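Visitor: I'd like to walk through this one with you, asking as we go. Could you put it up on the screen?

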Amino acid sequence: MDAVFTESMKKTHTIVLPEMLEYHFPILKAALIRGGYKADILSNSGSSVMHHGKKYVNNDMCFPAVSIIGQMIDSLKKGICDPDKTAFLLPQAGGACRAPNYYHLLKRALKNAGYPHVPVISLNLSGLNTQPGFKITPKMIKAAIISVMTGDLLMHLHQYVKPRAADSNEPDKLLKKWQLRLCNDISTGKIHSMRNLRPLYREILNSFAEIKMKRIPASKIGIVGELYIKYCSIGNFDIENFLYSHNCEIKTIGFSIYSLYIIQSVFYDTKNGFLLKKGASILLKKLSTYLKELCDKVACSKTFPMMPDYEEFSKRAEKILAKNCITGDGWLISAEASVLIEHGFDKIICLNPFGCLVSHINCKGISGALRRKYHCASITNIDCDPDTSLGLYHSRVLMAINA
C-alpha cells in the first residue's frame, strides 16, 4: 500500500524538496511554510548522490531523474532526513517530458531502498497523484510568486556582481543573507503583497551596489537548456563556479520567464478548454505586469544591466521557432539564446541532459538557425551525463569559452 501524506502529518513531518533552483528554492520554501507546513531544501551532493541514483533508477532514464531521486535516497541513507518524519515533494512537468514518471520512479526507489513508508507529494498542474494532507491555497500561490520575483532579482544581481567583486566571497554572503531574510519575511506574512516589494527591490539593489567592484570579466557566457540542468549545480556539475574561476560572467534567464512560458503554452494545447485558457490569460497578464515592474526598478537603478521582460522573449522567439512549439522547453530555449546574444552574451552554452530527447532536439535543432541569424555568436551544445568524466566535461566548457 502506498504511503499517504495525511492531515495529521502537517504537524509531524517536514516536506523536503530536492535541490533544483538554487537561487529560488531557499526563498520558495516560504510558500510551504506560509501554508502551515514544515519545509526544507536538500543540499547534499557528491558521488554518493549519483551512486544511489543509478542504483535505484533505471539507467536509461534521464539525468535529472537520476540526480533528483539519487539526492533524496542519499539524504535518507546519510541520516540527513528522518524517514519517519519526512515527506518528499516532487515538482513535475507535463507534456512529452519524462518528469511525469518521476513520482512512480521515486515511490519504487523508496520501496527498494527500504523506505516504503515515506510519503511522496507531487506538485503539478494536472491534479495527478493528489495527497489528502496537502493542498495549495491562494496564500501559498501569492507567496510563491513573490519568492520567484525576488529570486530572479537576486540571481540577476549576483551573476553580474560575482565576477567583478574585489572580494569574490562578498556577493555569496549577501545572497545568503537576503535568501534567509526573504524566506523569513514571506513565511511570516511580513511580505504578503507586491506592494511590499517596491521598497524592498530598492533595498536589495542598493545592497548589491555597495559591493566594491574592480575586476573585468574576460568572457560573457549565456546558459540555456533544460530546466533542471540549467539551474542546478548537481545537474550541471557546478558550471557557474567553474566559469567564474576562468574569469567569465555568466547569465541565466530568470525562472519567472519559464513560468510565463508554461502559462502561455496553455493556449497552444488543443486539449485545454475555455475556462483553463481564461484563467491562464488572467494569470499571464498579472505575472507579466509584476515582472515588468521588477525590470523597471532594475533599469531605474542605472548601476546594473537591464532585465529583459517577457514581451522581449515572446518577440525574439517568433524569428527562430514557431510559438506553438511547446514540447519540453519548446520555443523558450531559442528565445533565451536570442535575448542573451542581443544583450552581449555572444557565447551560448546549451546544456542537454542524458536521456532527454526533447532537450536534444530543441537545443541542437535551433543551433543552425541561431548561427545564421547571429554570425558573430558561438553556440555550443554540451551533454550532461552521470557517467561523463569531469575532465571531459570541463574540456568542452573550455572549448565554449574559447570559441
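Guide: One term before we start: a cavity here is a set of grid points where a 1.4 Å probe fits but cannot get out, and its lining residues have an atom within 4 Å of a point. Helices are DSSP runs of H or I with at least four residues, numbered from the N terminus. And keep in mind that this is a predicted model.

Visitor: Which element gives the largest share of the lining of the largest cavity?
Guide: The search of the whole structure turns up 1 cavity of 30 Å³ or more, with a volume of about 90 Å³. Of its 13 lining residues, Lys251, Ile253, Gly254, Met307 and Pro308 are the closest to the centre. Two or more lining residues come from each of α6, β6 (248–252) and α11 (255–265). The largest share is 3 residues, and the element that supplies them is α6.

Visitor: How do the residues of that cavity's lining divide into nonpolar, polar and charged?
Guide: For this count Tyr and Pro go with the nonpolar residues, and Gly with the polar ones. On that basis the lining of the largest cavity comes out as 7 nonpolar, 4 polar and 2 charged.

Visitor: Now the second largest pocket: which element gives the most to its lining?
Guide: That pocket has a volume of about 710 Å³. It is lined by 33 residues, and Glu22, Tyr23, Leu175, Lys176 and Gln179 sit closest to its centre. Elements with at least two residues in the lining include α2 (25–34), β2 (38–41), α6 (138–161) and α7 (170–187). With 6 residues, the top contributor is α7.

Visitor: What covers the buried residues of α5?
Guide: Helix α5 runs over residues 102–113 and spans 16 Å from first C-alpha to last, close to the 16 Å expected. Its buried residues include Tyr102, Leu106, Ala109 and Ala113. Residues three or four places apart in an α-helix point the same way, as there are 3.6 residues a turn. Among the elements covering the buried residues of α5 are α3 (47–56), α4 (63–77), β3 (86–91) and β4 (120–123).

Visitor: Which residue follows α5, with a positive phi?
Guide: Helix α5 ends at residue 113. The next residue has a phi near 100°, and that residue is Gly114.

Visitor: Is His375 buried or exposed?
Guide: His375 sits in the loop between α15 (357–373) and β8 (378–384), and its side chain reaches the backbone oxygen of Arg372 at 3.3 Å. The cut-off for exposed is over 50% relative accessible area. His375 has 71% relative accessibility, so it counts as exposed.

Note on methods: Residues numbered from 1 in each chain as written. Predicted model: local features only at pLDDT ≥ 70, side-chain atom pairs only at ≥ 80, totals over all residues. Heavy atoms only, no water. 1 Å grid on protein atoms, 1.4 Å probe; cavity = no way out; pocket = protein on both sides within 12 Å on 5 of 7 lines; lining within 4 Å. Points joined across faces, edges and corners; volume = space filled by probe spheres on them. Expected span 1.5 Å × (residues − 1). Buried < 20%, exposed > 50% of the residue type's maximum accessible area, 1.4 Å probe, protein only. Contact = heavy atoms within 4.5 Å. Polar contact = N/O pair within 3.5 Å; in protein donor to acceptor, adjacent residues only side chain to side chain.
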